[in-house]
Amino acid sequence: MTRWRAVAGGFALAACSEALVFAWTGRVTLLGGLAGSALAGYLAGGGSAEGAWHGLLTAMAWGIVLIPGLVALSVVTDAPLPFPIEYLVPYLDSAGEATAAILLTASLPNVAAGAIGSYTRSQDERARRDGERPQRRRADGDADEA
C-alpha cells in the first residue's frame, strides 16, 4: 500500500533541495529528486521493494513539476539540460534514444535511491532494537550488565 506522506516528504525535499541548487548555481540537476526518493524510501520503510516503489512515485511526482519548469526555463532563459542528461545528449542519435535516456535517468536512479533509503531504515531499526536489549548473553551463558 502506498504511503502518501512518504511521497509528499520526498517531494518536499526534492523541491527544496533543487530550489537551493538552482539559486546557488543557476542550473537544474536531478540530484534533488534522488535525495527525495531516498527520503521517501526511508519514510516508507518495509522492504526494498516498498522503498523502490515510493522512490519511483516521488520521482514521477517531482517530474510532473520539474519537466514543465525545465521547458519554461529553456524557452525563457535558454537554460541547459539538467545534469546528467546534458552529458548524454552528444552520444544519442535519435529522438527515441533521447526519450529513453531521459526516462531512464529520471526513474531508475530514483528507484535505487528509494530501495537504499528503505534498506537504511531497516538497518537503523535493527541497530535500535539491538541497542535496547538490557542484557547481552556471553558465550558461556553469563549475563553482562548493560
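A crossing of two helices counts as right-handed if the near helix is turned clockwise from the far one by less than a right angle. Keep that in mind as you turn the model, which is a predicted one.

Start with helix H1, residues 4–25, and helix H3, residues 48–77. Their axes come within 8 Å and cross at roughly 35°, and the crossing of H1 and H3 is right-handed. On the H1 side, the contact is made by Trp4, Ala6, Val7, Gly10, Phe11, Ala14, Ala15, Glu18 and Phe22. H3 answers with His54, Leu57, Thr58, Ala61, Trp62, Val65 and Leu73. Sort the residues of this contact by class and you get 12 nonpolar, three polar and one charged.

Now pick out two names from that contact, Phe11 of H1 and Trp62 of H3. A pair of aromatic rings is described by the distance of the centres and the angle of the planes. For Phe11 and Trp62, that works out at 5.6 Å centre to centre and 75° between the planes. Planes over 60 degrees apart count as edge-to-face, and that is the label the pair of Phe11 and Trp62 gets. The count of aromatic pairs comes to one. Because Phe11 sits in helix H1 and Trp62 in helix H3, the pair ties together parts that are 51 residues apart in sequence.

Next, follow H3 to the largest pocket. About 450 Å³ of space lies in this pocket. It is lined by 24 residues, and the closest to its centre are Leu66, Ile67, Leu70, Ile85 and Ile102. Which helix gives the most to the lining of the largest pocket? That would be H3, with 11 residues. H3 and helix H5 (95–131) each supply at least two residues of the lining. By class, the lining of the largest pocket divides into 18 nonpolar and six polar residues, with no charged ones.

The structure holds one cavity of 30 Å³ or more, and the largest cavity has a volume of about 40 Å³. Its lining is made up of Gly26, Arg27, Val28, Leu73, Ala79, Pro80 and Leu81. Five residues of that lining are nonpolar, one is polar and one is charged.

Note on methods:
Residues are numbered from 1 along each chain as its sequence is written. This is a predicted model: local features need pLDDT of at least 70, side-chain atom pairs count only at pLDDT 80 or more; totals for chains, interfaces and linings use all residues. Side-chain values use heavy atoms; hydrogens and water are left out. Axes are lines fitted to C-alpha atoms, for helices over the stretch in contact, and angles run from 0 to 180 degrees between N-to-C directions. Helices (H or I, at least four residues) and strands (E, at least two) are DSSP runs, numbered from the N terminus. Contact means heavy atoms within 4.5 Å. Ala, Val, Leu, Ile, Met, Phe, Trp, Tyr, Cys and Pro count as nonpolar, Asp, Glu, Lys and Arg as charged, and the others, Gly among them, as polar. On a 1 Å grid over the protein atoms alone, a cavity is a set of points where a 1.4 Å probe fits but cannot get out, and a pocket is an open set with protein on both sides within 12 Å along at least five of seven lines; lining residues have an atom within 4 Å of a point. Grid points are joined across faces, edges and corners, and a volume is the space filled by probe spheres set on the points. Rings of Phe, Tyr and Trp (its six-membered ring) pair if their centres lie within 6.5 Å; planes under 30 degrees apart count as stacked, over 60 as edge-to-face and the rest as tilted.
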